[in-house]
Amino acid sequence: MANWTQALTICVLCFLGTRVWSAPPEGPDDSENEVQCKQTCPGCCPMGAPGMPGRNGVPGQNGYPGSNGFDGIGGKGGTRGVRGVNGIRGQKGEPGDSAPDLVASQNIKHCVWDRIKDDRDSGTIKICRFHKRQMNTTMHVTWNGSLRVLSTKECCKRWYFTFNGRECLTPVPIDGLTFTNGAESVNIHRVTTIEGLCENVPQGPVDVAFNVQDCRGYSGGDAYTGWNSVSRIIAEELPVTAEEGTE
């Protein structure tokens, strides 16, 4: 009975204290008294009236700009676009430069004989008549046919081209030869090709002749041209310059 009376007395005192403490504080902190009251008589201490809302604070300053972020992952390729409309046709261009004169390169003649069987040892064997169209062009000539030389001693025969009766001097003569060591039983006819370029041949008619004679330092012997086969001379006019090799 004494304990219950003591507890009731404490609660009344706490109630009266809270009424007094609602006035401006002159003593200990209100929060400490409230805590002490709650500890002494739980559920006996009423809450004070709510305070007035405070004013908004002063806005803060803007922060510093952040650093750039990392690049994003590349997107997928888009679909192919629709084909565009053809543009307007352009104007006709200016005429181009004239092409080089290639008429001379098309000027060619082919003279051919079947089994001429020419047994002469010197002189002109065959002539292929050609018409040269320009002065500053080069003649290209070719012989193809069988040649042979036969002798009881060492012998050499030379076959060569002439142009209107003269050998080529620019850049060099066009010729070929056959040599034998005197074996009379060796009678071999060989198909041979002799060709070359010649400059400074005059414009107009040109007798391209194929001839035979002794080699320098040799004499005699039995020459034979065109045995049992086809022989030919090919003459051509070219727009080029023949250069003599120096190596």
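Is asparagine 200 buried or exposed? Asparagine 200 counts as exposed, because its relative accessibility is 55% and the cut-off for exposed is over 50%. The model described here is a predicted one.

## Backbone exceptions

Asparagine 200 lies in the loop between S6 and S7. Its phi is positive, at about 60°, although asparagine 200 is not a glycine. Most residues other than glycine have a negative phi, and most peptide bonds are trans. Asparagine 228 also has a positive phi, of about 50°, and is not a glycine. Asparagine 228 sits in the loop between S8 and S9. With 44% relative accessibility, asparagine 228 counts as partly exposed.

A further exception concerns a peptide bond. The bond from threonine 170 to proline 171 is cis, and its omega is near 5°. Proline 171 belongs to the loop between S4 and S5.

## Disulfide between cysteine 111 and cysteine 128

A search of the whole structure finds 3 disulfides. One of them is formed by cysteine 111 and cysteine 128, with the sulfur atoms 2.0 Å apart. The torsion about this S-S bond is about 65°, so the disulfide of cysteine 111 and cysteine 128 is right-handed. Cysteine 111 is in strand S1 (residues 107–114) and cysteine 128 is in strand S2 (residues 123–132); the pair links distant parts of the chain, 17 residues apart. Both cysteine 111 and cysteine 128 are buried.

## Disulfide between cysteine 156 and cysteine 215

Cysteine 156 is joined to cysteine 215 by a disulfide, with an S to S distance of 2.0 Å. The angle about the S-S bond is -60°, and the link of cysteine 156 and cysteine 215 is left-handed. Distant parts of the chain are linked here: cysteine 156 is in strand S4 (residues 154–163), while cysteine 215 is in the loop between strand S7 (204–214) and strand S8 (222–225), 59 residues apart.

Cysteine 156 counts as buried because its relative accessibility is 4%. Cysteine 215 is buried as well, with a relative accessible area of 8%.

## Disulfide between cysteine 168 and cysteine 198

A disulfide also joins cysteine 168 to cysteine 198, S to S 2.2 Å. Its torsion about the S-S bond is about 105°, so the disulfide of cysteine 168 and cysteine 198 is right-handed. Cysteine 168 is in the loop between S4 and strand S5 (175–181), and cysteine 198 is in strand S6 (residues 190–198), so the pair ties together parts that are 30 residues apart in sequence. Cysteine 168 is buried at a relative accessible area of 2%, and cysteine 198 is buried at 3%.

Cysteine 155 is in no disulfide. The nearest cysteine sulfur to that of cysteine 155 belongs to cysteine 156 and is 7.0 Å away. Cysteine 155 has 0% relative accessibility and therefore counts as buried.

## Strand S3 and its partners

Strand S3 (residues 138–150) is largely enclosed by the rest of the structure, because 11 of its 13 residues are buried. S3 runs antiparallel to strand S9 (residues 230–238), and 7 bridges join the two. Threonine 138 stands opposite leucine 238 in S9.

S3 and S6 also run antiparallel, joined by 9 bridges. Here asparagine 144 stands opposite threonine 193 in S6. With S8, S3 pairs in the antiparallel sense over 4 bridges. The bridge partner of leucine 150 in S8 is aspartate 222.

## Tryptophan 113

Tryptophan 113 is part of strand S1. Its relative accessibility is 18%, so tryptophan 113 counts as buried; the cut-off for buried is under 20%.

Leaving aside neighbours within four places in sequence, tryptophan 113 is in contact with Lys126, Ile127, Ser229, Val230, Ser231, Arg232 and Ile233. Tryptophan 113 and valine 230 are 117 residues apart in sequence, yet 5.7 Å apart in space, C-alpha to C-alpha.

## A nonpolar surface patch

Leu177, Phe179 and Tyr218 make a nonpolar surface patch of about 310 Å². Phenylalanine 179 is found in strand S5. At 43% relative accessibility, phenylalanine 179 counts as partly exposed.

Definitions and conventions: Residues numbered from 1 in each chain as written. Predicted model: local features only at pLDDT ≥ 70, side-chain atom pairs only at ≥ 80, totals over all residues. Heavy atoms only, no water. Disulfide = S-S within 2.5 Å. Buried < 20%, exposed > 50% of the residue type's maximum accessible area, 1.4 Å probe, protein only. Patch = residues over 30% accessible without salt bridge, like charges linked within 9 Å, V, L, I, M, F, W, Y side chains within 5 Å. Areas by Shrake-Rupley, 256 points an atom, 1.4 Å probe, with all protein chains shown as cover. Salt bridge = Lys/Arg side-chain N within 4 Å of Asp/Glu carboxyl O. Contact = heavy atoms within 4.5 Å. Pairing = 2+ DSSP bridges.
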